[in-house]
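Please consider the structure shown below. The paragraphs that follow lead through its sheet, its salt bridges and its surface patches.

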Amino acid sequence: MNKTGQLPKISDAEYEIMKVIWKYKKITAYEVIEKIDPKFNWNDKTIKTMLNRLLKKHVIDYEKQGKYYIYYPIIKEEEYRTVETKSFIQKIFNGSLNTLVASFLKEAKLSSEEIDELKKILEEKEEE
């Protein structure tokens, strides 16, 4: 959280770094470099720059162990995903979850199993 109590905005590239950090909980810069998806074709310096940006945004922190910095997340992945999802729904669907779901369902090709699973979820929500 930043000083205003909001989660800081992170770029798509920074989000890819965060996915690695969230997965491994505590990780060195070298390990992030090793584990980041090779499709990005980022060099070591780029990854270290993004780690520094995430530190400045207070999304991650570090502890020093010998000559290594061990990075760890400050913000939980679920917390970030929830905030970003709400922001997306507000921005694209004017805050309407119904419009989002209707739009998705019109475009998606769902199997019988997926339809049954969605029905179960809706029934559970109705019981809450």
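Strand β2 (residues 60-65) is joined to β3 by six bridges, and these strands run antiparallel. Here strands (E, at least two residues) and helices (H or I, at least four) are DSSP runs, numbered from the N terminus, and two strands pair if DSSP finds at least two bridges between them. The model is predicted, so local features need pLDDT of at least 70 and side-chain atom pairs count only at pLDDT 80 or more, while totals for chains, interfaces and linings use all residues. Residues are numbered from 1 along each chain as its sequence is written, and side-chain values use heavy atoms, with hydrogens and water left out.

The helices may be considered next. Helix α2 (residues 29-35) contains E31. This residue, E31, counts as partly exposed at 30% relative accessibility; buried means under 20% relative accessible area, exposed over 50%, and partly exposed in between (1.4 Å probe, protein chains only). The C-alpha atoms of E31 and I21 are separated by 9.6 Å, the two residues being ten apart along the chain.

The structure holds six salt bridges, a salt bridge being a side-chain nitrogen of Lys or Arg within 4 Å of a carboxyl oxygen of Asp or Glu. One of them links K19 with E16, with the closest N and O atoms 3.2 Å apart. Both residues lie in helix α1 (residues 12-24), three residues apart, which is about one turn of the helix. Another links R81 with E77, where the closest N and O atoms are 2.8 Å apart. Because R81 and E77 are four residues apart in helix α4 (residues 77-93), about one helical turn separates them. R81 is partly exposed at 43% relative accessibility, and E77 is partly exposed at 21%. The side chains of E128 and K125 also meet in a salt bridge, at 3.3 Å from N to O. E128 counts as exposed at 72% relative accessibility, and K125 counts as exposed at 53%.

Two surface patches complete the picture. Patches are made of residues with over 30% relative accessible area and no salt bridge, like charges being joined within 9 Å and nonpolar side chains (Val, Leu, Ile, Met, Phe, Trp, Tyr) within 5 Å. A nonpolar patch of about 500 Å² is made by L97, V101, F104, L105, L118 and I121. The elements that give two or more residues to this patch are α5 (97-107) and α6, and α5 gives the most, with four residues. I121 lies in helix α6 and is partly exposed at 42% relative accessibility.

A negative patch is formed by E113, E114, D116 and E117; Asp and Glu count as negative and Lys and Arg as positive, whereas His and the chain ends are not counted. E114 lies in helix α6 (residues 112-127) and is partly exposed, with a relative accessible area of 38%.

Key
Areas by Shrake-Rupley, 256 points an atom, 1.4 Å probe, with all protein chains shown as cover. Charge placed at Lys NZ, Arg CZ, Asp CG, Glu CD.
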